[in-house]
Amino acid sequence: MNKVPVIILSGFLGSGKTTLLLRMLREAAAYHLLPAVLMNELGKQDVDGHLLLDVSPHLPLAKLLDGCICCTKKSDIQDSLKQLVARMPDVILIELTGVANPEEIVDAITEPALLPHIKLHTVITVLDAEHVLDYNSIFASDRELVHTLRRQIEVADLLLLNKIDLISDKQLKSIEKTVRKFNSQALLLPTTFSQLDLEPLFGNLPSRQSQPRATPNLSKSINMRVVKAAQEPRTASKHTASFSRIQTLAISIGHDVVLNQSLVEHYLGKWGKSLLRAKGYLRIGTKRETFLLQFAGKRTTWQPAAYQEAPYLVLIGLDLDVQLIEDDWKKWLNDSQTR
Ligand SMILES: Nc1nc2c(ncn2[C@@H]2O[C@H](COP(=O)(O)OP(=O)(O)OP(=O)(O)O)[C@@H](O)[C@H]2O)c(=O)[nH]1
């Protein structure tokens with residue numbers, strides 16, 4: 001079964017995410033795409049949900065209200081996504097709250113129950129050009145929020161510098177320079193009302209509908225060329241048919257494989273800063289007891305677990321070379337088993 005691509009929309013409150021989402025919904029039909037949406041709102045009021053249904057009345061829509069996705073139980077996120085997958089969309093669009101770190105949702109969608117059904121396609125971060133340079137001073141007392149806002153920029157594949165109608169050309173140059181310090185690789189597009197050419201995003205998504213789709217014209221726009229260029233180095237790997245800089249790799253581990261905690265930790269340490277997150281259920285020691293491994297912020301924890309299915313390890317990283325890691329894992333496993 002084809003995995004459903006997931007596009008994440010992140011960005012601080014009021015930056016223009018819903019404006020972008022509405023635009024994507026309006027344009028999806030032109031690409032014969034059936035989108036589904038997972039909305040996350042901080043408040044109990046589902047304001048944006050109504051806007052979406054106005055534009056697309058039959059939209060498969062799931063809502064996680066009154067809390068940020070990073071505080072929501074992972075099982076709720078997974079249940080919502082499973083409900084959406086069951087509606088067989090061509091793409092799932094997830095709008096995060098303004099204070100969410102996109103890495104959190106990536107974490108949730110790489111759980112084993114969802115991995116066979118969905119894949120991360122692109123992380124888009126919308127920036128409010130009028131305010132983005134002031135965030136550090138405005139939120140100086142909230143280091144966690146400053147960190148989150150920075151991560152929104154750092155992990156994006158596509159950065160929309162939105163609301164440029166409200167700033168001068170000089171300010172635009174200054175913002176571009178600052179943003180580039182945190183993310184030199186993402187495609188950076190100045191926009192008003194989140195208007196961008198959606199061809200690079202939607203043009204290569206397979207549609208489940210029978211109607212033939214207009215062949216994407218790769219040279220149609222400058223945006224397309226830029227995105228293509230950024231994508232090229234990754235096409236060699238079968239895991240990476242995606243724009244995303246956040247790469248995920250799921251490693252299945254045989255029931256008979258015996259691992260050792262410190263060796264696994266050493267192995268994870270090999271990937272340095274590029275490894276953002278790792279998790280999985282592993283059999284440890286000669287008694288083959290099952291542990292839940294959690295690696296986040298360079299810390300590793302091991303919790304005994306009742307999990308009885310096939311062991312696995314998921315790695316999430318920025319610009320990981322998944323093929324290299326996969327090959328290295330096999331070699332490492334072989335060496336560690338014969339030690
Ligand atoms: N002037 C101007 N206003 C914009 C632009 N883009 C969006 N807006 C307006 O900014 C406001 C917030 O836009 P939304 O798309 O709701 O922003 P959001 O990021 O979804 O906001 P939250 O749901 O609060 O996180 C709306 O009133 C938009 O119409 C732009 O480029 N220029």
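# Reading a predicted model, feature by feature

Modeller: About 730 Å³ of space lies in the largest pocket. Keep in mind throughout that this is a predicted model.

Colleague: Let me turn to the rings. How many aromatic pairs does the structure hold?

Modeller: There are nine aromatic pairs. One of them joins Tyr267 and Trp271, with 6.0 Å from centre to centre and 75 degrees between the planes, which makes it edge-to-face. Planes over 60 degrees apart count that way.

Colleague: Are those two residues buried or exposed?

Modeller: Tyr267 is buried, because its relative accessibility is 0%. Trp271 is buried too, with a relative accessible area of 15%.

Colleague: What is the geometry of the pair formed by Tyr281 and Tyr307?

Modeller: Their ring centres are 4.0 Å apart and their planes are at 10 degrees, so this pair is stacked. Tyr281 sits in strand E9 (residues 275-284), whereas Tyr307 belongs to the loop between strand E11 (299-304) and strand E12 (312-318), so the pair ties together parts that are 26 residues apart in sequence. Both tyrosines are buried.

Colleague: Now a helix. Which residues of H10 are buried?

Modeller: In helix H10 (residues 261-269), the buried residues are Val264, Tyr267 and Leu268. Looking down the axis of H10, you find these buried residues within an arc of 95 degrees, so they line one face of the helix. Do look at the start of H10 as well, where a side-chain oxygen of Asn260 reaches to within 2.9 Å of the backbone nitrogen of Ser262.

Colleague: Which strands are joined to E5 by bridges?

Modeller: Strand E1 (residues 4-10) is joined to E5 by seven bridges, and the two run parallel. In that pairing, Val4 stands opposite Ile118 in E5. Strand E6 (residues 158-162) is joined to E5 by five bridges, again in a parallel arrangement. There, Ile124 stands opposite Leu158 in E6.

Colleague: How should I read the backbone angles, and what is the phi of His32?

Modeller: Most residues other than glycine have a negative phi. At His32, phi is near 55 degrees, a positive value in a residue other than glycine. His32 is placed in the loop between helix H1 (17-28) and strand E2 (35-40), and its relative accessible area of 22% makes it partly exposed.

Colleague: What about Arg288, and where does it lie?

Modeller: Arg288 has a positive phi of about 55 degrees, although it is not a glycine. You will find it in the loop between E9 and E10. Arg288 counts as partly exposed at 38% relative accessibility.

Colleague: One more loop, if I may. Which backbone atom lies 3.0 Å from a polar side-chain atom of Thr110?

Modeller: That is the backbone oxygen of Val106. Thr110 is in the loop between H4 and E5, and at 3% relative accessibility Thr110 counts as buried.

Colleague: Finally, where does Gln185 lie?

Modeller: Gln185 is in the loop between helix H7 (169-182) and strand E7 (187-190). With a relative accessible area of 44%, Gln185 is partly exposed. From C-alpha to C-alpha, Gln185 and Arg143 are 25 Å apart in space, and they are 42 residues apart in sequence.

Conventions:
Residues are numbered from 1 along each chain as its sequence is written. This is a predicted model: local features need pLDDT of at least 70, side-chain atom pairs count only at pLDDT 80 or more; totals for chains, interfaces and linings use all residues. Side-chain values use heavy atoms; hydrogens and water are left out. Rings of Phe, Tyr and Trp (its six-membered ring) pair if their centres lie within 6.5 Å; planes under 30 degrees apart count as stacked, over 60 as edge-to-face and the rest as tilted. Buried means under 20% relative accessible area, exposed over 50%, partly exposed in between (1.4 Å probe, protein chains only). Helices (H or I, at least four residues) and strands (E, at least two) are DSSP runs, numbered from the N terminus. The arc is that of the directions from the helix axis to the C-beta atoms. A polar contact is a pair of N or O atoms within 3.5 Å; within protein, one must be able to donate a hydrogen and the other to accept it, and residues adjacent in sequence count only if both atoms are side-chain atoms. Two strands pair if DSSP finds at least two bridges between them. On a 1 Å grid over the protein atoms alone, a cavity is a set of points where a 1.4 Å probe fits but cannot get out, and a pocket is an open set with protein on both sides within 12 Å along at least five of seven lines; lining residues have an atom within 4 Å of a point. Grid points are joined across faces, edges and corners, and a volume is the space filled by probe spheres set on the points.
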